[in-house]
Amino acid sequence: MTKSSLLVLLALASLFVAMTVAKKLARPYELCGRVYCDTCRFGFETNVTTYINGATVQLECNDKSDSRLVFTNTTTTDENGMFKFIVDRDHRDQCCEVVLLKSPWPHCKVIDKVRSHSEVIITDLNGISSYIRHANNLGVFQDYALPVCAELYKYYFPDPDQES
Ligand SMILES: *[C@@H]1O[C@H](CO)[C@@H](O)[C@H](O)[C@H]1NC(C)=O
Ligand SMILES: *[C@@H]1O[C@H](CO)[C@@H](O)[C@H](O)[C@H]1NC(C)=O
C-alpha cells in the first residue's frame with residue numbers, strides 16, 4: 001500500500017468516526033419551560049402563582065442502553081421564571097429531562113418533588129418536528145399559603161356533593 005492511499009484510508013476512517021457523533025442541527029432546538037412558586041401549596045399552578053427568577057435548572061440526558069449520563073447543561077430562569085436551553089444536536093438515543101436544582105427565593109425554596117423534573121424529547125421522532133420543545137413547568141412550595149388560597153381551594157377542589 002502506498003503512503004498516499006494509507007492517508008486516504010485514515011481520512012475516511014476519521015470521517016466515519018465523526019459521523020457517528022450526532023451532527024449539528026441546521027436549526028437548534030429551543031427547549032423552554034418555567035419555574036413557579038406554588039403560593040397556595042396545592043401542588044400545581046393557580047391564578048395567584050408567581051414565577052421565580054434566577055432558579056437553576058439542569059438538562060440531563062442519559063444513554064438509553066446503559067443509563068450513562070452523557071450530556072448536561074445548566075441555566076437559570078429569567079424575570080418571568082422562564083428557562084431556555086439551546087440544543088444544537090439531536091438526542092435520539094437518550095432519555096433527557098430537565099431538573100430543577102435550586103430556587104433563590106428565601107420563602108419559596110422547598111422543591112416540590114413531584115414537579116421537580118420533566119421528561120423532554122429532543123429528537124424529531126414521534127412526528128414531533130417543531131424546533132420548539134416545551135418542558136412541564138417545575139414547582140417550588142412557598143413556606144406559607146397566601147390568605148386568598150382558602151377561597152381558591154373551593155374553586156380548585158369543588159365539593160362533589162355541592163355539584164349538579
Ligand atoms: C382567581 O380565580 C378565582 C376563581 O375564579 C377568582 O375568584 C379570583 O378573582 C382570581 N384571582 C386573580 C388574582 O385573578
Ligand atoms: C448550554 O445552554 C446554553 C443556553 O441555552 C447554550 O447557549 C449553550 O450552547 C449550551 N451548551 C451546550 C454544550 O449545549
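**From values to terms**

Modeller: Asp-88 is partly exposed, with a relative accessible area of 31%. This is a predicted model in which local features need pLDDT of at least 70 and side-chain atom pairs count only at pLDDT 80 or more, while totals for chains, interfaces and linings use all residues. Residues are numbered from 1 along each chain as its sequence is written, chains are lettered from A and ligands numbered from 1 in the order in which they are written, and side-chain values use heavy atoms, with hydrogens and water left out.

Colleague: Why is Asp-88 called partly exposed?

Modeller: Buried means under 20% relative accessible area, exposed means over 50%, and partly exposed lies in between (1.4 Å probe, protein chains only). Asp-88 has 31%, and is therefore partly exposed. Asp-88 belongs to strand 5; a strand is a DSSP run of E with at least two residues, numbered from the N terminus.

Colleague: Which residues are around ligand 2?

Modeller: They are Phe-71, Asn-73, Lys-84, Phe-85 and Ile-86. A residue is near a molecule if one of its heavy atoms lies within 4 Å of it.

Colleague: What makes the pair formed by Asn-73 and ligand 2 a polar contact?

Modeller: A polar contact is a pair of N or O atoms within 3.5 Å; within protein, one must be able to donate a hydrogen and the other to accept it, and residues adjacent in sequence count only if both atoms are side-chain atoms. A polar side-chain atom of Asn-73 lies 2.3 Å from an oxygen atom of ligand 2, so the pair is within 3.5 Å. Polar backbone atoms also take part: that of Ile-86 is 2.8 Å from an oxygen atom of ligand 2, and that of Lys-84 is 3.4 Å from one. The protein covers 50% of the 360 Å² of accessible area that ligand 2 has on its own (Shrake-Rupley method, 1.4 Å probe).

Colleague: Which element gives the most to the shell around ligand 2?

Modeller: Strand 5 does, with 3 residues.

Colleague: What surrounds ligand 1?

Modeller: Asn-47, Leu-152 and Tyr-155 surround ligand 1. An N or O atom in the side chain of Asn-47 is 2.3 Å from an oxygen atom of ligand 1. Taken alone, ligand 1 exposes 360 Å², of which the protein buries 38%.

Conventions: Helices (H or I, at least four residues) and strands (E, at least two) are DSSP runs, numbered from the N terminus.
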